[in-house]
Amino acid sequence: CLCERLGPLRVDRGELRHPNVKFVLLTHITERFIQRNSGKILSMVLPNCEVEVLEDDSDLATRLASWGRTMVLYPCASAVPMTPEIPTQADTLIIIDSTWQQAKRIGRKIPAEFQRVSLDPSAPSLREQTAEGRLSTIEAAALVLAEAGEPKSVVDRVWEAARLHTAAVIERKPNMQQDDEARRVKRDEKRREAVQRRRQKRGLSPLPDPE
């Protein structure tokens with residue numbers, strides 16, 4: 001557990017230049033059960049960070065609007081670069097906390113009225129990524145803080161938390177892969193059971209058992 005090592009890295013709200021700007025991690029429901037999720041680490045270090053688990057996106061626009069002037073960290077053609085002026089124009093900055101495929105689907109469902117913000121695409125990640133310019137949630141937040149002009153002492157501690165998280169992921173990768181696979185199998189079993197119950201209610205023959 002990283003909890004004890006994260007203690008000295010926790011940021012006090014009084015250290016922030018923009019303490020009233022809220023970071024909201026729009027977290028895909030599946031990410032809450034993945035050990036390597038870095039959003040959890042960020043929420044333990046940054047005082048103005050909240051986790052919003054996305055179970056149903058039907059009221060997504062309403063939820064975003066309820067957070068005041070809301071911007072979304074999402075790379076696209078309409079995105080504006082992150083600058084020190086952005087925090088003065090927003091009450092909330094959304095960071096999508098999910099896989100890249102999930103983030104694309106979520107990003108497409110967020111109405112265009114919410115301004116997109118982007119980071120320097122050449123920024124390197126602390127661990128191997130599937131494509132250039134991709135970062136973990138906590139790495140993205142560290143870059144946001146840096147480009148928003150937050151104190152170096154704050155940015156450095158968030159980066160250190162990211163390094164601790166990355167080291168833990170690399171060290172425990174084989175075990176976590178096994179755990180993730182076990183969760184996937186269990187989830188698939190529950191889905192299959194639900195499908196079988198629905199077929200039974202409709203008088204349909206059960207699906208054959210998987211090989």
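**Exercise 1.** Determine how accessible E52 is, and which residue its side chain meets in a salt bridge.

*Solution.* E52 has a relative accessible area of 25% and is therefore partly exposed, where buried means under 20% relative accessible area, exposed means over 50%, and partly exposed lies in between, with a 1.4 Å probe and protein chains only. The model is a predicted one, in which local features need pLDDT of at least 70 and side-chain atom pairs count only at pLDDT 80 or more, while totals for chains, interfaces and linings use all residues. Residues are numbered from 1 along each chain as its sequence is written, and side-chain values use heavy atoms, with hydrogens and water left out.

Next, the side chains of E52 and R63 meet in a salt bridge at 2.9 Å, N to O; the criterion is a side-chain nitrogen of Lys or Arg within 4 Å of a carboxyl oxygen of Asp or Glu. Because E52 lies in strand β2 and R63 in helix α3 (residues 60–65), the pair ties together parts that are eleven residues apart in sequence. Salt bridges that share partners also bring in D59, so to speak of one network is to name E52, D59 and R63. R63, for its part, is buried, with a relative accessible area of 15%.

**Exercise 2.** Find the salt-bridge partner of K22, and state where the two residues lie.

*Solution.* The partner is E50, and the closest N and O atoms of the pair are 3.8 Å apart. E50 belongs to strand β2 (residues 49–54) and K22 to strand β1, so that distant parts of the chain, 28 residues apart, are linked; helices (H or I, at least four residues) and strands (E, at least two) are DSSP runs, numbered from the N terminus. Both residues count as partly exposed, E50 at 41% relative accessibility and K22 at 22%.

**Exercise 3.** Identify the residue with which R157 forms a salt bridge, and explain why the pair ties together parts separated in sequence.

*Solution.* R157 forms a salt bridge with E15, the closest N and O atoms being 2.2 Å apart. Because R157 lies in helix α6 and E15 in the loop between α1 (3–6) and β1 (22–28), the pair ties together parts that are 142 residues apart in sequence. R157 is buried, with a relative accessible area of 17%, whereas E15 counts as partly exposed at 29%. The count for the structure comes to seven salt bridges.
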